[in-house]
Amino acid sequence: MNKPIVVIFSGAGLSAESGIPTFRASDGLWHEHKIEDVASPAGWKKDSDTVLKFYEERYKNIQDAEPNEGHRAIARLQDKYEVINITQNIDNLLERAGCTNVKHLHGVISRKKCENYDRVEPCDYYSEGFAVKGDECPKCKGRLRPDVVWFGEAVDMDFFSLMELQGKTFAFIGVGTSANVQPAASLLNIFGGLKEKHFVDPNPPGRLINWTLWQGKAGEQLPKLVSRLLEEGTAMPPPKKKMKLD
Ligand code: NAD
């Protein structure tokens with residue numbers, strides 16, 4: 001029998017308890033770095049050494065990190081549900097926790113691609129491994145850069161398949177994202193019509209009306225939500241407390 005589908009949309013907050021800083025928090029990455037310097041095509045053109053140094057620090061941080069209780073709870077959900085992870089995170093902590101279906105909207109830091117990937121005549125070279133200074137594309141001799149999506153670049157998302165998926169989905173869970181970045185944030189609208197929709201975050205976006213809010217850290221709240229979904233299953237009664245935020 002097919003398992004009911006649960007779609008989980010995650011952001012940097014899911015990995016925060018693993019020691020990977022988010023971007024927008026007061027101790028977050030954007031307070032130490034200018035977005036346009038380290039995460040934009042213009043920044044890469046201006047000073048690729050600084051960009052590679054920034055991502056090298058992120059990469060080391062991710063290698064040293066371990067999945068937390070939030071990642072592990074998501075993996076447990078697979079016992080009963082077909083879990084589709086759509087993540088904005090460029091780390092691999094969901095996979096390392098045992099999640100088998102993970103779509104990285106913003107790329108993966110441990111892969112590299114040719115800087116000429118978006119030219120009129122694009123170079124399609126990419127490979128596993130972190131991009132380091134001096135890495136050259138074997139096809140076109142361009143420089144290799146991290147396979148992550150920068151501001152101003154297109155995300156790897158097929159909206160039509162998402163609409164189709166929405167109609168087959170039992171539950172949607174948003175976790176650890178300020179949902180500020182488009183088009184990823186529009187997932188909240190696409191799945192907003194579901195009855196079973198949850199959001200886990202100490203500071204959830206203010207526009208969530210009729211969502212069940214699990215206000216707190218992913219490592220504390222996700223295990224509780226997952227236990228409930230595993231125990232009560234698809235016949236889950238309406239949540240006792242629905243919060244409205246204006
Ligand atoms: P964001 O920094 O804009 O928002 C982080 C969200 O996480 C906030 O809503 C915050 O309240 C919440 N949060 C903080 N601690 C939490 C915790 N312990 N548990 C649950 N939630 C917590 O991040 P974003 O919305 O993901 O968007 C920014 C972009 O930054 C993403 O596109 C992503 O690609 C990138 N990013 C990725 C990583 C990573 O791969 N781990 C880390 C930093 C940034």
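Student: What percentage of the 246 residues in the chain is made up of buried residues?

Tutor: In this predicted model, buried residues make up 51% of the 246 residues in the chain. A residue is counted as buried when its relative accessible area is under 20%.

Student: How many of the contacts between residues at least 6 apart in sequence join residues at least 24 apart?

Tutor: The share is 66%.

Student: Why are β3 and β9 called edge strands?

Tutor: Six strands form an open sheet in the order β3-β2-β1-β7-β8-β9, with parallel pairing. The strands β3 (102–104) and β9 (212–214) each pair on one side only, and they are the edge strands. From one strand to the next, the twist averages 20°.

Student: How do you know that β2 and β3 pair?

Tutor: Pairing requires at least two bridges between the strands. Strand β2 (residues 82–87) and β3 have three bridges, in the parallel sense, and therefore they meet the criterion of at least two. Within this part of the sheet, Ile86 stands opposite Lys103 in β3.

Student: Which strands does helix α9 lie across?

Tutor: Helix α9 (residues 218–232) lies across β7 (169–175), β8 (196–200) and β9, and runs at about 160° to β8.

Student: Why is His104 called buried?

Tutor: His104 belongs to strand β3. Its relative accessible area is 13%, and the cut-off for a buried residue is under 20%; His104 is therefore buried. The residues that His104 touches, not counting those up to four places away in sequence, are Thr87, Asn89, Asp91 and Glu95.

Student: What does the side chain of His104 reach at 2.8 Å?

Tutor: The side chain of His104 reaches the backbone oxygen of Asn89 at that distance. A polar contact needs N or O atoms within 3.5 Å, and the value of 2.8 Å lies within this limit.

Student: What makes strand β4 largely enclosed by the rest of the structure?

Tutor: Six of the eight residues of strand β4 (residues 107–114) are buried, so the strand is largely enclosed. Strand β4 pairs in the antiparallel sense with strand β6 (residues 144–148) over five bridges, and Gly107 stands opposite Val148 in β6. Strand β4 also pairs in the antiparallel sense with strand β5 (residues 126–128), over three bridges. In β5, Tyr126 is the bridge partner of Lys113.

Student: Is Lys141 buried or exposed?

Tutor: Lys141 has a relative accessibility of 56%, and exposed means over 50%; Lys141 therefore counts as exposed. This residue lies in the loop between β5 and β6.

Student: Is Ala179 buried or exposed?

Tutor: The relative accessible area of Ala179 is 5%, and buried means under 20%, so Ala179 is buried. Ala179 is placed in the loop between β7 and α8 (187–190). Phi of Ala179 is near 50°, again a positive value in a residue other than glycine.

Terms used:
Residues are numbered from 1 along each chain as its sequence is written. This is a predicted model: local features need pLDDT of at least 70, side-chain atom pairs count only at pLDDT 80 or more; totals for chains, interfaces and linings use all residues. Side-chain values use heavy atoms; hydrogens and water are left out. Helices (H or I, at least four residues) and strands (E, at least two) are DSSP runs, numbered from the N terminus. Axes are lines fitted to C-alpha atoms, for helices over the stretch in contact, and angles run from 0 to 180 degrees between N-to-C directions. Contact means heavy atoms within 4.5 Å. Buried means under 20% relative accessible area, exposed over 50%, partly exposed in between (1.4 Å probe, protein chains only). A polar contact is a pair of N or O atoms within 3.5 Å; within protein, one must be able to donate a hydrogen and the other to accept it, and residues adjacent in sequence count only if both atoms are side-chain atoms.
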